[in-house]
Amino acid sequence: MVKLTMIARVTDGLPLAEGLDDGRDIQDVDFYKQQAKSLFKNLSMGQIEASRMSVETGPYIFHYIIEGRVCYLTMCDRAYPKKLAFQYLEDLKNEFERVNGSQIETAARPYAFIKFDTFIQKTKKLYQDTRTQRNITKLNDELYEVHQIMTRNVQEVLGVGEKLDQVSQMSSRLTSESRIYADKARDLNRQALIRKWAPVAIVIGVVILLFWAKNKIW
């Protein structure tokens with residue numbers, strides 16, 4: 001069965017729409033939604049290049065397609081046919097582009113197209129039962145094949161992004177620490193110069209003061 005459906009803009013990971021009633025029968029649904037958002041983030045950063053992919057996570061599989069800078073993602077049971085999952089996403093893509101295509105690039109707030117949930121729920125019902133004649137026909141459709149679509153593990157996919165984030169954070173931390181050490185080094189040099197020349201300055205100051213006082217007296 002189709003469990004979750006989410007749509008996001010690839011360029012910045014902005015969520016555009018999702019199935020509002022999705023995930024009620026899933027334990028840890030927030031955990032899987034966060035994984036989906038992490039996938040969107042990695043896509044926006046160019047860390048995942050495939051335009052179609054299946055990603056295994058626990059007892060479920062994420063399936064996604066990217067068209068027109070938009071990612072259409074669904075999470076299904078592992079036993080749910082891959083071909084139906086991708087045809088479900090194709091149906092969502094076609095309708096979303098038809099209704100909202102001209103506004104996708106200018107959307108500025110999350111879930112700007114939340115009303116698309118009506119179409120998501122209607123379409124999801126059509127794909128829930130794999131035994132209907134409609135879905136059996138789709139499964140037998142030789143014109144739509146999914147054998148070439150890659151399947152990977154979620155830790156493998158998200159791990160790439162996590163490692164790159166760690167490298168970026170480490171680089172930023174090293175840069176920050178280098179600045180701190182440079183500032184400390186300048187302070188130490190300044191203090192060393194003060195200690196070195198302060199006695200000389202004091203002596204010169206005393207001599208000048210005595211010379212001035214002597215001239216004043218005489």
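Glu90 is buried, at 15% relative accessibility. This is a predicted model. In it, Glu90 forms a salt bridge with Arg52, and the closest N and O atoms are 2.8 Å apart. Glu90 belongs to helix α2 (residues 82–100) and Arg52 to strand β3 (residues 52–57), so the pair ties together parts that are 38 residues apart in sequence.

**Salt bridges**

- The count of salt bridges comes to 13.
- Arg52, the partner of Glu90, is partly exposed, with a relative accessible area of 24%.
- Asp129 pairs with Arg131 in a salt bridge, with 3.2 Å between the closest N and O atoms.
- Asp129 is partly exposed at 31% relative accessibility, whereas Arg131 is exposed at 66%.
- One network, joined by salt bridges that share partners, takes in Arg52, Glu67, Glu90 and Lys93.
- Asp21 and Arg24 form a salt bridge too, their closest N and O atoms lying 3.3 Å apart.
- Asp21 counts as partly exposed, at 40% relative accessibility.
- Arg24 is exposed, and its relative accessible area is 72%.

**Nonpolar surface patch**

- Which residues form a nonpolar patch on the surface? They are Leu193, Trp197, Val200, Ile204 and Ile208.
- Together these residues have about 510 Å² of accessible area.
- Val200 sits in helix α5 (residues 154–217).
- Val200 is partly exposed, with a relative accessible area of 37%. Patch residues need over 30%, so Val200 at 37% passes that cut-off.

Note on methods: Residues numbered from 1 in each chain as written. Predicted model: local features only at pLDDT ≥ 70, side-chain atom pairs only at ≥ 80, totals over all residues. Heavy atoms only, no water. Patch = residues over 30% accessible without salt bridge, like charges linked within 9 Å, V, L, I, M, F, W, Y side chains within 5 Å. Areas by Shrake-Rupley, 256 points an atom, 1.4 Å probe, with all protein chains shown as cover. Salt bridge = Lys/Arg side-chain N within 4 Å of Asp/Glu carboxyl O. Helix = DSSP H or I, 4+ residues; strand = E, 2+ residues; numbered from the N terminus. Buried < 20%, exposed > 50% of the residue type's maximum accessible area, 1.4 Å probe, protein only.
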